[in-house]
Each structure stands twice: as C-alpha cells, then as structure tokens.
Amino acid sequence: MRAVFPDFRAGNVLATSFTGTLTERHGAAVERIPTPQRLMDWLEAHGLAVDNCTPAQLDDARELRESIHAAATAAALGEGLPAAAVRVINDCSARGRAAAALTPAGERCWTLGSTSCVEDALGVIAADAIDVIAGERDGRLALCASETCRAAFLDTSQSRTRRWCDMNTCGNRQKKARLKANQGASSASAG
Ligand SMILES: [Zn+2]
C-alpha cells in the first residue's frame, strides 16, 4: 500500500514554494517532503525533475529550505541576514550546474546536469531565493499574519498589503475564524 503524504502548496515563486514544504512552523508543523521520493515529486512538479535522491540529499534540501526561510524572514523584518543561512544558500547556488533553456513554445525550462541532479535543482532554488531576498524581483517580502505560520512570501499585490502566505489555507482559516467570532457576537447580543 502506498502511504498518503501531505499535499504540496501551490505557489508561483519557486523559493517560497520550496520553504512552503514545511508549513505551520509555529504550530503543528507539517513536513510535506518527508521522504526522498516526495522531494523528487516536488521537484518534478516545479520543472526540476531528477532521477534519484538519497536521504543525504533530502537532508541537504531541507537545510537549504530552512536557510532560505531564515534569510527571507530576516529580510522581511529588515534585520541582518543570518550568516550561516547565507553560506548554505550561496554554497547551494555555486554547486548547481543547471542551465536555463528555451522551449519551442518560448517558455523557460531548466536543463539539469547528468550527475548530482539534486544539487543542480537545489542550485536553481538557491538562485531564486537570492533574487527574492536581494529584492531583484518585483514584490515585497512579507511574513504571513497567521501566528502559527509566519511563512515568508513575496507580496506582488499592487497595494503590497497581502497578509497571508496562501489565501486557500491561512487566509481562509482566518476568514472562517472571523465569521465564527461575528456569529458568536451577534447571537450573544440577540440573546
Ligand atoms: Zn501562512
């Protein structure tokens, strides 16, 4: 029987989608890449398919993920970047040998090297994180307003006032909680 693993969160920024493979960091954390196979599934879903992945490579991926999370959080708060996290991100970026390529339809894809593909994929993610954290991308780094989440995300809304990392989860939960609170208040005043 195939084990059922938590779904991946949708997102359109590679680096923060990757940090979103661990959710509810300040609550009941959910690990969405619990096995090497799930990391492979995630990479494939993001145009970075690899042939195999070892447990050590999964560890490297998670180390990169938490480093991006730490650096992006500091950047969102306007604090100095943690040196250890910066080192991991830079090392991963330097190790990767992926090449950007154009598809016949004019879209970008990534060509990973023939060996150590996971490192190449992590290199692409690290480079994306560098873009986002360095402010090279249009948007504002922000932290999710959910106390149990606090995920860093790139706010690309025109007003730059987005509050949730993900409307379908954190945003929706907040909306429901507010609705429930309002209902409680109105029934209390009615009674
Ligand atoms: Zn959130």
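Helices (H or I, at least four residues) and strands (E, at least two) are DSSP runs, numbered from the N terminus.

**View 1. The whole predicted chain.** The protein chain holds 6 helices and 6 strands, in the order α-β-β-α-α-α-β-β-α-β-β-α along the sequence. Its C-alpha atoms fill a box of roughly 70 × 45 × 40 Å along the principal axes. This is a predicted model, in which local features need pLDDT of at least 70 and side-chain atom pairs count only at pLDDT 80 or more, while totals for chains, interfaces and linings use all residues. Residues are numbered from 1 along each chain as its sequence is written.

**View 2. The largest nonpolar core.** Such a core is a set of buried Ala, Val, Leu, Ile, Met, Phe, Trp, Tyr and Cys residues joined through C-beta atoms within 7 Å. Buried means that 20 or more other C-beta atoms, placed from the backbone, lie within 10 Å of a residue's own. Of the 41 residues here, Leu64, Ile89, Ala121 and Ile125 touch the most other members. Elements giving two or more residues include α3 (55-77), α4 (83-95) and β6 (152-155), and α5 gives the most, with 10.

**View 3. A closer look at α5.** Here 14 of the 17 residues of α5 are buried. From first C-alpha to last, α5 reaches 24 Å, close to the expected 24 Å (1.5 Å times one less than the number of residues). Just after α5, Gly135 takes a positive phi of about 75°.

**View 4. Around Ala121.** Leaving aside residues up to four places away in sequence, Ala121 touches Leu43, Leu48, Val50, Ala98 and Leu112; contact means C-beta atoms, placed from the backbone, within 7 Å.

Definitions and conventions. Buried ≥ 20, exposed ≤ 12 C-beta atoms within 10 Å, placed from the backbone. Contact = placed C-beta atoms within 7 Å.
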